[in-house]
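Q: I'd like to learn how to read interfaces, domains and helix faces from a multi-chain model. Can you walk me through one?

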Amino acid sequence: MSPRLVPGRDDRVGRNDVPVRISFDGDPVEGIDGQTIAGVLLGSGRQTWRTGVSGGARGVFCGIGVCFDCLVTVNEERDVRACRRRARDGDDVRTQSRAEDAR
Amino acid sequence: MRRVVVVGAGPAGLAAAEKALLAGASVTLVDAADQPGGQYHRMLPEAYAARYPKRLHHGWDSFDRQRRFVLEHRRCTWLSRTSVWALEKLDDGPPSVQLLRGGVDGEGRTRETIRPDALVLAPGAHDRVLPFPGWDLPGVHTAGAAQALAKGERIVVGDRVVVAGTGPFLLPVAASLLEAGSRVVEVLEANSPSTVSRGWLRRAWELLPQYGKALELAEYAVGQLCHRTPYRMGRAVVEARGDGRVEEVVTARLRPDWSPVPGTERTVPVDALCVGHGFTPQLELFVSAGCTLRDGFVQVDGNQRTSAAGVFAAGEVTGIAGAPAARAEGAVAGWVAAGGDPAAIRAERRKRDAGRDFARRLERAHPIGAAWPDWLRRNTVVCRCEETSYGDLQAALTQPAGSGSRAVKLGTRAGLGPCQGRVCGTNVAELSARLGGETASVHNRPIAQPIRLGELAGQPEEETR
Amino acid sequence: MNRTRIVVLGAGVVGSACARELAAGGFEVVVVDRHRPAGATTAHGEGNVLVSDKADGPELRLARLSRRLWPEVLAELDADIEWDPKGGIVVATTDAGASDLAAFAAGQRAAGVTAEPLDPADLAAAEPHLTREVAAAYHYPEDAQVQPVAAATALLSAAIEAGTTLRTGCEVTGAITRGGRITGVRTSQGDVRADAVVNAAGPWSGEVSAALGAPVDVRPRRGEVLVTTPLPPTVFHKVYDADYVGAVGSSDAALQTSAVVESTRGGTLLLGSSRRQVGFDDRMRPHVLSAIASRALRLFPGLAGVPVMRAYGGFRPYVPDHLPLIGEDPRIPGLWHSTGHEGAGIGLSVGTARVLHDLISGRAPEIDAEPFRVDRPAVLTEGGAR
């Protein structure tokens, strides 16, 4: 199975979800307002989005902005920690690596 | 009026801000997050408009009271979404605080500089994770990540999860996962029952109140945890396996020094693994301020003063003892930093002392076994950012000319990546010491948070006094 | 066999290069370092092997000798060391700067340096992210970069392979002399006998020489470097502003900054440079980092969004007349100095070692070593370092 969002109707905290839509490498991805970019991606079933130095897939490791494993490019700004940046409607999120073709 | 700057709005920082306000100071409270609470009281996003946020929090009401008191106080300036990227040591007094305001990793942040009369640093700690084969597979998370995602975003990392490592904090992590709907297959405490009881059972009655709170267990989850999830001691995850993501973990029984007992391996299918081997305090700001460290933490006196003039420390940076102890330390630090009479806060000081005692016991009950490197293989990644392997480190350290800590770092790139050794630093230092290398401080980061060249090139707004 | 025993003080790149040369020449070598090898100035430099920043003169001759030796030395070392003969590009951003640069390059060309003017199209092809607001640019294909710690470590390892002894955590406290000649050093680990002693203590050479009773005026000059997060390839040469040469040559104690931008194999960019005389005060100064960043952005405006993840500062061995010291001390026979390279020590180390070896062996070096003699007014001091 994949990471996922606790369904709103079942959630004991009583959420009132407002959708937010970002684009991830050009594909539309829907999340809920207030989520981090990592939250939106995980909630959409994506577990990884960065390519490590030797090609391994990386996603969230520490979840609190310490490990820098989850870096993405947001609106052409590199090296944004996906676990800390809140997703905003229309954000253009892209995977990044150190290789030339990713630029 | 005395100006106290408090960095970090977790339990310690929030308590420091409250007490400094009560002592009559003007307070600037700084935190990188949107809302106060830190990792312990990680709040749901405001946009979730949650009707029952307290269901996820132990001690919500007192936290909420304190939060409102501080944020609504007329002498308090609350700087959310603000990072301290550097401290500049001055010739006298506490260092000036170099801020980036209004965003996360860019977003048009602005630079600002504040000169405080007293500085309380309460940046907290993050999970320490020891490396093992496969720990770099997707689906392997720190225990803190699983909890932050569940509590802060309502994301569950998987459906069949093993929680492993050491320390009482593994239990609230498991509870958070259960609460959010994961199945926690088992919780593994690497230390043996005898090690754990050596730390806890001596005069355990004194510790019961601390221990109960430290577990941070939301009451509803305790029952579930007790009934459905095995808690095994003296056992650890020594390998994670899978094709492109974690699919199973190998657990093994450990000797007291954490060397695996051959023949005790078990394979457990999972879709996520959460690990935490204690905590690493975030000490870079203390190093920048020139504070003396001792045994891996900041050295403080009875009033939470560090060795640097005008700089106070509170919370997990002085020793890992959980939220109640952090709050007590914060209260003492904030009060004294604001010029309050230490004699007037005897109760807080007593609580703080109990917290320190708790920290010592925690350390004795949940030590890191010296034989953890036995888990490693030559090709096991040690530095996640630069993918330095254990073999690379061994090769560097066996050269007599290359055994210095800087030579090892620059030669292997371990610790030179974007996390700047936050994840691997302590582990690399221990491996180096074991292999005859130089032990050096792993917390020296003059640039405490990444700053973009454009932000750095601009002139900071100097706050007028 | 009773070999001549030489004690080298300092296991940085210069000491390591000297140890290797001397050990290969048949001397019995002992390297002594207060800490561990390659941990101070060597670990805080970019690894410049430059000819472009030196005007015709003795230092350029030493640089050219070193540049020729580096590939030979690296080929002999049993190690995979990051060596990048990437070439340097020097740009002038003002018309006045352009004519100064042209004259400077002409002088270098007369001395045998390759310095090719680049027209705007060539420049844009060579460095696509560089500002187009450039008045003149020259390409120096001989400029190179070496990973300094790896190089120093490999040089020292080769010395050890050839019989050199390394003593770490060993601090020199004084000289042992007989009849005015040095016969050993006193250290925190006891006396070490020597027929000759080489002071290769970099910025601490002033202190060490004073402790030995023959003070030379070598002072610490602080420099800072910014390191960005790893990027896809963005900067392809060592690119610097022509005013760098002026900043290096300046004797002003106040802050001097000049843009020097280059990439490393790890993908990070290194951004320099600053020069300040602040003794051994190692406090990081935000305004210095800020000045380096704004200078770098003048050359590469597109880097504004790139994060800096680290900054490091180090002390370089500064000599008031801007020339290294390579030679025997006139006051204490048997004491040699091999220091004072300021920010060029990585590049100049192998040439320096060769010259020192020749001088100690009584041979005439390939280049005239007279300008580096210790007996110069700028170097010999009464009271020692400050």
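Q: How many residues of domain 1 of chain C are in contact with domain 2 of chain C, and how many does domain 2 give?

A: Keep in mind that this is a predicted model. Here 21 residues of domain 1 of chain C are in contact with 27 residues of domain 2 of chain C. On the domain 1 side, six are nonpolar, eleven polar and four charged.

Q: Which stretches of chain C make up the two domains?

A: The domain assignment puts 5-74, 148-217 and 321-372 in domain 1, and 88-141 and 220-318 in domain 2. As for spacing, the C-alpha centres of the two domains of chain C lie 28 Å apart.

Q: Now between chains: how many residues do chain C and chain B bring to their contact?

A: The size of an interface is often given as the accessible area lost when the parts come together. Here we count residues instead: 34 from chain C and 29 from chain B. Helix H5 (148-161), helix H8 (286-299) and strand E18 (307-318) of chain C each give two or more residues to that side, and H8(C) gives the most, with seven. By class, the chain C side splits into 21 nonpolar, nine polar and four charged residues.

Q: In which sense do strand E24 of chain B and E18(C) pair?

A: Antiparallel, over two bridges, with E24 spanning residues 451-452 of chain B.

Q: Last one: which residues of helix H2 of chain B are buried, and why do they end up on the same side?

A: An α-helix has 3.6 residues a turn, so residues three or four places apart point the same way. In H2(B), residues 60-72, the buried ones are B:Phe63, B:Arg67 and B:Val70. They cover an arc of only 70° around the axis, which puts them on the same side of H2(B). Their cover includes helix H1 (11-22), strand E2 (26-30) and strand E3 (76-79) of chain B. The face turned away carries exposed residues, among them B:Asp61, B:Arg65 and B:Glu72.

Technical notes:
Residues are numbered from 1 along each chain as its sequence is written. Chains are lettered from A and ligands numbered from 1 in the order in which they are written. This is a predicted model: local features need pLDDT of at least 70, side-chain atom pairs count only at pLDDT 80 or more; totals for chains, interfaces and linings use all residues. Helices (H or I, at least four residues) and strands (E, at least two) are DSSP runs, numbered from the N terminus. The expected span of a helix is 1.5 Å times one less than its number of residues. A residue is buried if 20 or more other C-beta atoms lie within 10 Å of its own, exposed if 12 or fewer, and partly exposed in between; C-beta atoms are placed from the backbone. The arc is that of the directions from the helix axis to the C-beta atoms. Two residues are in contact if their C-beta atoms, placed from the backbone, lie within 7 Å. Domain bounds come from an automatic or database domain assignment. Ala, Val, Leu, Ile, Met, Phe, Trp, Tyr, Cys and Pro count as nonpolar, Asp, Glu, Lys and Arg as charged, and the others, Gly among them, as polar. Two strands pair if DSSP finds at least two bridges between them.
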